[in-house]
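User: I would like to learn how to read a model feature by feature. Please give me the general idea each time, then the case at hand.

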Amino acid sequence: MALISCEKATFGYDGEIVLSDIDFSLYGGEYMCILGENGAGKSTLVKGLLKLINPISGTVNIGEGLKAHEMGYMPQQTAIQKNFPASVFEVVLSGRINSMGLRPFYSQKDKDEAHEKIKLMGMKEYEKKSYQELSGGQKQRVLLARALCAAGKLMLLDEPTAGLDPVATGDLYELIKNINSNMNMTVIMVSHDVHAALKYASHILHLSHRQLFFGTAEDYIKSGIGKEFMEGGTGYDY
Amino acid sequence: MIIDTVNAIFSYPFLIRAFIVGILVSLCSSLLGVSLVMKRYSMIGDGLSHVGFGALAVAAALNAAPLSVAVPVCIVCAVFLLRLKDGSIVAGDAAIAIVSNSSLALGIMIISMSSGMNTDVYNYMFGSILALNSADTVICIAVSIIIIAVYILFYNRIFSFTFDEVFARATGTNTGVYSIVLAVLTAVTIVIGMRMMGALLISSLIIFPALTAIRIRKTYKKVIVISALVSIICFVAGMFISFNAEAPVGASIVIVNLAVFIIASFADAIRKFIGQRRA
């Protein structure tokens, strides 16, 4: 059984359909990029996969013992966070909130886990620093560490490289690839960057209010829609 | 001179009561303030204090116990205001203004039709350290301790909810519950604090210490601790000034808070400037 799959799923808000005919399955260890123009429904699909919204029709299934709250989610940064007083450790530790159960405080295991993920992201020396004083790339590493703390087998990343310079973007892609291959973590990433998607991902899901393509990255390059999108040069449109 | 003042203050039982309740209310409001300020809910305190005023006017007209009317009414309004989402018919800040102004108008209307403007009403608006009898004091102490205990138990979840609501929801936290927890704690704090501080000034106890602390420290736990310390110190300083200068107590505390906030803002600006020069 697939780790996560959609069957003829339709998503929307207040009864208005934003995204239809979503049909894919992803297995453990795979790396899927969700491509599409602005407003194509990429973030809506992520919310659907996280069960923050329910499909209007069709189903979202999770399998292989994955629980809904065990997905490591990395949302786009919000305005509140830019000036939020919190240390790197406090932010990463909050990723363990789903393993607290009814306990009011974090255990030593939670704290060890947070330390370990911070180290893994190369942020050890910044652990006690304030989140708001970090650079854009460092902030994203912290949010990635937090997502790792929450993740059992699956991570959902919503445009993790938005607003980063090319060097930081490249570093972050490498980190995500390492997480995917070394930790056997399944990755679903929303992206604008078709070239990076084809370089790193095993699968591509292309959306434009409906599913235009789902398959392996190799097949995507050969497909008509893939060729068209790559020639469109929509590598960076911000 | 300070020792004389301290001796003088502690020779009056009502002043001792005022100190105990004031310190506890300052502590509660400063803890909640950090979350409310960071979530851009600063004006909710202001709105709720006006709701509290309206509710107290109703209680006075009905000869009911003030807290038994004001607490439930404020809780309902707080939950309503904190749970308003973007895209509601009326935007959050406008909704606060509507609720706040209508409660104030309603309160004034009821007062003018029943007893007329008297010292009680004046005290609700501007606060009075004479307002607390010993039964009130016991209730205030008990409620404050409950608020502090609930806050500590939910500390980590309130942090997660404040820092990133979407992430918290995605990882299985029922964020609706925490916005209600925050709303209820805020409402109760305001009701127990407003009789001493006054409806017009109680919200500053929520906003000022948090804003000051955010300028002094940049990690969450330290901000919370600083906020609590600033709040208590400003309260005590305000009480001394009020006692010595025979000034209204609520206004004295707010002015001390304002002064500390301005000093902290300058210090923060200077530190940032030096940091940039170095970098």
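Analyst: Start with naming. Helices and strands here are DSSP runs, numbered from the N terminus. On that basis A:Ile204 belongs to strand 8 (residues 203–207) of chain A. Keep in mind that this is a predicted model.

User: Is A:Ile204 buried or exposed?

Analyst: Count C-beta neighbours; 20 or more within 10 Å makes a residue buried. A:Ile204 has 27 inside 10 Å, so A:Ile204 counts as buried.

User: Which residues is A:Ile204 in contact with, beyond its neighbours within four places in sequence?

Analyst: A:Cys33, A:Leu35, A:Ala197, A:Phe213, A:Gly215, A:Ala217 and A:Tyr220. Take A:Ala217 as one case. A:Ile204 and A:Ala217 are 13 residues apart in sequence, yet their C-alpha atoms are 5.6 Å apart.

User: How many helices and strands are there in chain A?

Analyst: Chain A has nine helices and nine strands. Its C-alpha trace spans about 50 × 40 × 35 Å along the principal axes. The radius of gyration of chain A is 18 Å, which agrees with the value near 18 Å for a compact globule of 238 residues. Of those 238 residues, 44% count as buried. Among contacts with a separation of 6 or more in chain A, 70% join residues 24 or more positions apart.

User: Where is confidence lowest and where is it highest in chain A?

Analyst: First, the general idea. Where pLDDT is low, the predicted coordinates should not be read in detail. Chain A has a mean pLDDT of 88, and 97% of its residues reach 70 or more. By element, confidence is lowest in helix 9 (residues 224–231) of chain A, at a mean of 76. It is highest in helix 3 (residues 88–93) of chain A, at 95. Look also at residues 234–238 of chain A, where pLDDT stays under 50. The model has 10 contacts beyond four places in sequence for that stretch.

User: What about chain B and the complex?

Analyst: Chain B has a mean pLDDT of 87, with 95% of its residues at 70 or more. For the complex, the predictor gives an ipTM of 0.87 and a pTM of 0.88.

User: How many helices and strands are in chain B?

Analyst: Chain B has 13 helices and zero strands. Its radius of gyration is 19 Å, close to the 19 Å that the globule rule gives for 279 residues, so chain B is as compact as a globular protein of that length. The C-alpha trace of chain B spans about 60 × 55 × 30 Å along its principal axes. Of its 279 residues, 51% count as buried.

User: How do I read one helix, say helix 7 of chain B?

Analyst: An α-helix has 3.6 residues a turn, so residues three or four places apart point the same way. Helix 7 (residues 134–153) of chain B has 20 residues. It reaches 29 Å from its first C-alpha to its last, close to the 28 Å expected. Its buried residues are B:Cys140, B:Val143, B:Ser144, B:Ile147 and B:Tyr151. Seen down the axis of helix 7 of chain B, these fall within an arc of 105 degrees, so they line one face of the helix.

User: Which exposed residues does the face turned away carry, and what do the buried ones pack against?

Analyst: The face turned away from the buried side of helix 7 of chain B carries exposed B:Ser134, B:Ala135, B:Ala142 and B:Ala149. The buried residues pack against helix 2 (13–38), helix 8 (155–163) and helix 10 (175–197) of chain B. Now turn to helix 11 (residues 202–216) of chain B. There, 15 of its 15 residues are buried.

User: Which elements of chain B touch chain A?

Analyst: Start with the count: 24 residues of chain B are in contact with 26 residues of chain A. On the chain B side, helix 8, helix 9 (165–170) and helix 12 (220–245) each give two or more residues. The residues on that side divide into 11 nonpolar, six polar and seven charged.

User: Last, what is phi at B:Asn63?

Analyst: Most residues other than glycine have a negative phi. B:Asn63 has a positive phi of about 60 degrees. It lies in the loop between helix 3 (42–62) and helix 4 (66–82) of chain B. B:Asn63 is exposed, with 7 other C-beta atoms within 10 Å. A:Lys8 also has a positive phi, near 45 degrees. A:Lys8 sits in strand 1 (residues 4–13) of chain A, and it counts as partly exposed, with 13 C-beta neighbours inside 10 Å.

Methods: Residues are numbered from 1 along each chain as its sequence is written. Chains are lettered from A and ligands numbered from 1 in the order in which they are written. This is a predicted model: local features need pLDDT of at least 70, side-chain atom pairs count only at pLDDT 80 or more; totals for chains, interfaces and linings use all residues. Helices (H or I, at least four residues) and strands (E, at least two) are DSSP runs, numbered from the N terminus. The expected span of a helix is 1.5 Å times one less than its number of residues. A residue is buried if 20 or more other C-beta atoms lie within 10 Å of its own, exposed if 12 or fewer, and partly exposed in between; C-beta atoms are placed from the backbone. The arc is that of the directions from the helix axis to the C-beta atoms. Two residues are in contact if their C-beta atoms, placed from the backbone, lie within 7 Å. pLDDT is the predictor's confidence in each residue, from 0 to 100. Ala, Val, Leu, Ile, Met, Phe, Trp, Tyr, Cys and Pro count as nonpolar, Asp, Glu, Lys and Arg as charged, and the others, Gly among them, as polar. The radius of gyration is taken over C-alpha atoms; the globule rule is 2.2 Å times the number of residues to the power 0.38.
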